[in-house]
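Work through the exercises below with the sequence and the model at hand. Try each task before reading its solution.

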Amino acid sequence: MIRFLSRRILSGILTLIAISGVMFLLFYVAPNDPAATIAGPQATNDQIDQVRARLGLDMPVIERYWLFITGLFQGDLGYSFFNKEPVLDSLVRRLPATASLAVGGLVVALGLGVTIGVGAARKPGSWRDKLGTAFVLTGLSVPTFVAGLILLYVFFYLLTVMGLTFFPAAGYVPFTENPLEWARHLLLPWITVGFVAAATYARLVRSQLVSVMGEDYIRTARSKGIREDRVVYRHGMRNVLTPVVTQISLDFAILMGGLVVTERIFGINGIGRLAIDSVNRGDQPVIIGAMLLASLFVVIASILVDLAYALLDSRVRVK
Amino acid sequence: MPEPTVDAPTDTTLDNQPSVSAASARTGVAARSPFQLVWSRLRHDPTAMVSAVVIVLVIVAAISAPLISGLVGHGPDEQFRKEGLTPSGLPTGPNDQFLLGADNLGRDLFVRLIYGAQLSLIVAFVATVGALGIGTLVGMTAGFMRGKVDTVLTWFMDTTLSLPQLLFAISLVSLVGPSFGTTVVVIILFSWAPIARVVRGQTLSIREKEFVEAARSLGASNWRIMRVDVLPNLVVPILVYGTLLIPQAIVFEATLSFLGLGVLPPTATWGNMLAAASTGSMYTIAWWMLVFPSAALLCVTLAFNLLGDSVRDALDPRQTLFAKKRRVTKLKKKEIAE
């Protein structure tokens, strides 16, 4: 177990180093010059050179990369070109908002997806199943930003017009400040992230559960007189969990994309928002930092999923 | 896209049955029958037909965009600040001059919607063809060559799949600047890996089949086996993935444009139109700016997804078997003749 974990963590670190290397290389070969962007359109060549020296961009790319990597191991991601703030600080400051959004969104996605999937699978071909299929197809077709805009229009604008002001239009309140306000502000963003992601889980749970329910051991469980609910949730779902967990790790990278869009629509000042702003400003250190942080999450998620296998499936544990 | 109503043959299932329609087919009797089978199944699937009709309508509208624009008398980027905006500068709603209303700059939403469809479809088709090409090539090479080549290519697939796509995409856009070309390249870059993975899996099993062994014993080169024996057996998954990739590409483009990192304004794209609706909460005073582009986007992606599902249902594994048999005899005859 420990050997497995350390190998996974090591390969995760290598992946992150590879990603940062690719990013460095791409920024190096890119046609636009960050120094010129930051110096402004009226800057003379001398001024641009000064900016370049100040940002350390006049060093060879290998040397810059080496400095970056050694800094990385000391928890130093460099400084923003734009406001000279340490990249790590601005990422950490925005992390709670993004993490709240991600965790809540995942909970909504799993809750909605499993409920709908199980409901559909218990009676294939029923009206419930058809409703579930309709949900899945809508969820798979609707882009996150359209879902967010429509939710905002219906639940914020139309309700407010009707005199019911419950949902705020935008913003984020830290959990530590006021948990209720935190949830109130995040409810619509959670649904936005969760609704789109739920479709995948609903479809997966339905198809897996339908085939599992045809297995012999389910018939045995039923013939023992176990209540149907228990058969479905204890016996059937047990074998559905493994593919669902796999899907979570596969979806994690896509979920990140949903966060970027949702943060933009609901005015949440998280890491996705920071990434977009930095892209517009040409703020390379922050872009690389945000990318690395997101990749770190994906790596951690995949390690956690591998651990979850061992918990869920005793066959994996024996090996 | 063929018309759904042309000749309705009564044959439905067996492949030796459609001798009548096969005889009426002008060329390649044997080569066509698997597709005729699928086609007859699709024709009896109402969902597939409705989706196909929606897609055809959208394609027709997109092609005739300049025509429609001429008929209405409004260009896609033309601003009608007098007619399209109220005296206080707010957009006017749907009326007989602006069928679906005007946007915040007094442009005709209907005309822009159709030009947006044109752009969405072009981006989606180009990106899908590109992703299918790369995905098939990489997946087939990995599955067929196995060994080190497979390890390296699979590593590339897995890494691409585990990257935070949208974040990586916007970083890439920041390097070269947003444009039509960048958008297509970025979509291809993040769409080929799932196809490559599926194709690789299929190739792994196909390469162990007897007909591949037969081809090899007849002295066919790797390239020839991949092209003649493996590729035709991959048509089914490629076709299904292709149909399902189109809506994903449309959504990807719309998302990038919405974030201001796709095809840049003033070009009419659905993502740009929705970005305009969301900027400064425009949609609260002009619901049409939100509702119509959203509906268009949803309709098209839904239609492609439904069609993709139906195509998958219609393409039974039986067809793959049939194609294999045909290929073996063809190769043998050819090789023997040589």
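**Exercise 1.** Determine the handedness of the crossing of α9(A) and α10(A), and list the residues that make the contact.

Solution. The model is predicted.
- Step 1: locate helix α9 of chain A at residues 216–223. Its axis and that of α10(A) come within 11 Å and cross at roughly 145 degrees.
- Step 2: assign the hand. The crossing of α9(A) and α10(A) is right-handed.
- Step 3: list the residues. α9(A) contributes A:Y217, A:I218, A:A221 and A:R222, and α10(A) contributes A:V231, A:H235 and A:G236.
- Step 4: sort this contact by class.

**Exercise 2.** Classify the packing of α5(A) against α11(A) from the angle between them.

Solution. 
- Step 1: find helix α5 of chain A at residues 87–122. The axes of α5(A) and α11(A) are 8 Å apart, and the angle is about 130 degrees.
- Step 2: name the residues in contact. They are A:S90, A:L91, A:R94, A:L95 and A:T98 on α5(A), with A:I271, A:G272 and A:L274 on α11(A).
- Step 3: sort them by class. The contact of α5(A) with α11(A) has four nonpolar, three polar and one charged residues.

**Exercise 3.** Describe the side of chain A that touches chain B.

Solution. 
- Step 1: count the residues. Chain A gives 36 residues to the contact and chain B gives 33.
- Step 2: find the elements on the chain A side. Those giving two or more residues are α1 (2–29), α6 (127–141), α7 (144–161), α10 (228–265), α11 (271–281) and α12 (284–312).
- Step 3: pick out the largest share. α10(A) supplies it, with eight residues.
- Step 4: sort the chain A side by class. It has 29 nonpolar, six polar and one charged residues.

**Exercise 4.** Decide whether A:M1 is buried or exposed.

Solution. 
- Step 1: A:M1 is in the segment before α1 of chain A.
- Step 2: count its neighbours. A:M1 counts as exposed because it has 8 C-beta neighbours inside 10 Å.

**Exercise 5.** Summarise the fold content of chain B.

Solution. 
- Step 1: count the elements. Chain B has 15 helices and zero strands.
- Step 2: Of its 338 residues, 43% count as buried.
- Step 3: check the sequence range of contacts. Among contacts in chain B between residues at least 6 apart in sequence, 69% join residues at least 24 apart.

Methods:
Residues numbered from 1 in each chain as written. Chains lettered and ligands numbered in written order. Predicted model: local features only at pLDDT ≥ 70, side-chain atom pairs only at ≥ 80, totals over all residues. Contact = placed C-beta atoms within 7 Å. Helix = DSSP H or I, 4+ residues; strand = E, 2+ residues; numbered from the N terminus. Nonpolar A, V, L, I, M, F, W, Y, C, P; charged D, E, K, R; others polar. Axes fitted to C-alpha atoms, helices over the stretch in contact; angles between N-to-C directions. Buried ≥ 20, exposed ≤ 12 C-beta atoms within 10 Å, placed from the backbone. Left-handed = near helix turned anticlockwise from the far one by under 90°.
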